[in-house]
Amino acid sequence: MSDSSIRLNKYISESGLCSRRAADRYIEQGNVFINSKRAKVGDKVIFGDIVTVNGQTIEPKEVENSVLIAYNKPVGITSTTEAGVKSNIVDHVNHSERVFPIGRLDKDSQGLIFLTNNGDLVNKILRAGNNHEKEYIVTVNKPITESFLTRHGQRCTGIGRNDQKM
């Protein structure tokens, strides 16, 4: 970490302990301390600060320790980190580090999805303001006609016979 400050919830999240939202809950509950002083939501930390959560000293992971998993998600797996959801992707991958999917694929879809423990990477990829173009190749069970497109207000380019680009 450099000499600049970083928001406390981000610092905690980068340790791999939990998400930023969960970090805010720990802070609100009074379970987070910076240099032995109870932290408040919105606090910042700098290099050298000692942060404890539930009595445990934490440190953010270095970028070099980031995990990036390319996973061919099968049908039936849900792209969520929610532990209560049966067949969620995190439980299915069962990685030793806390990882989360970058984006999502529907439960009924299969294909390549990335998982990581690097929240900054996820935000850079998913944030709408970054204007990343998305392209989907789908297989349909009947032809896409002009009337279908007009009726549903969608445009389709590069129409092929079985695999049709949307």
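This is a predicted model: local features need pLDDT of at least 70, side-chain atom pairs count only at pLDDT 80 or more; totals for chains, interfaces and linings use all residues.
Figure 1. An α-helix has 3.6 residues a turn, so residues three or four places apart point the same way.

**Figure 2. The largest nonpolar core.** This core holds 15 residues. Leu8, Ile12, Val32, Val45 and Val51 touch the most other members. Which elements give two or more residues to the core? They are H1, H2, S2 and strand S5 (51-53). In soluble globular proteins, nonpolar side chains tend to be buried together.

**Figure 3. Valine 51 and its neighbours.** Residues up to four places away in sequence are not counted here. Valine 51 touches Leu8, Tyr11 and Ile12, among others. Its contacts also include Val32, Phe33, Ile34 and Val45. Gln56, Thr57 and Ile58 are on the list too. Valine 51 is also one of the core residues that touch the most other members.

**Figure 4. Aspartate 43 in a loop.** Aspartate 43 is found between strand S3 (37-38) and strand S4 (44-45). Is aspartate 43 buried or exposed? Its relative accessibility is 18%, so it counts as buried, the cut-off being under 20%. A polar atom of its side chain lies 2.8 Å from the backbone nitrogen of lysine 40. Leaving out residues up to four places away in sequence, aspartate 43 touches Ile6, Arg7, Leu8 and Ile34.

Figure 5. Leucine 68 is found in strand S7 (residues 68-73). With 54% relative accessibility, leucine 68 counts as exposed, because the cut-off is over 50%.

**Figure 6. The whole protein, for orientation.** The protein has five helices and 11 strands. How many of its 166 residues count as buried? The share is 29%. Among contacts with a separation of 6 or more, 49% join residues 24 or more positions apart. The protein exposes about 11600 Å². Carbon and sulfur atoms supply 47% of that area.

Key. Residues are numbered from 1 along each chain as its sequence is written. Side-chain values use heavy atoms; hydrogens and water are left out. A nonpolar core is a set of buried Ala, Val, Leu, Ile, Met, Phe, Trp, Tyr and Cys residues joined through side-chain atoms within 4.5 Å. Buried means under 20% relative accessible area, exposed over 50%, partly exposed in between (1.4 Å probe, protein chains only). Helices (H or I, at least four residues) and strands (E, at least two) are DSSP runs, numbered from the N terminus. Contact means heavy atoms within 4.5 Å. A polar contact is a pair of N or O atoms within 3.5 Å; within protein, one must be able to donate a hydrogen and the other to accept it, and residues adjacent in sequence count only if both atoms are side-chain atoms. Accessible areas come from the Shrake-Rupley method with a 1.4 Å probe; for residues, only the protein chains shown count as cover.
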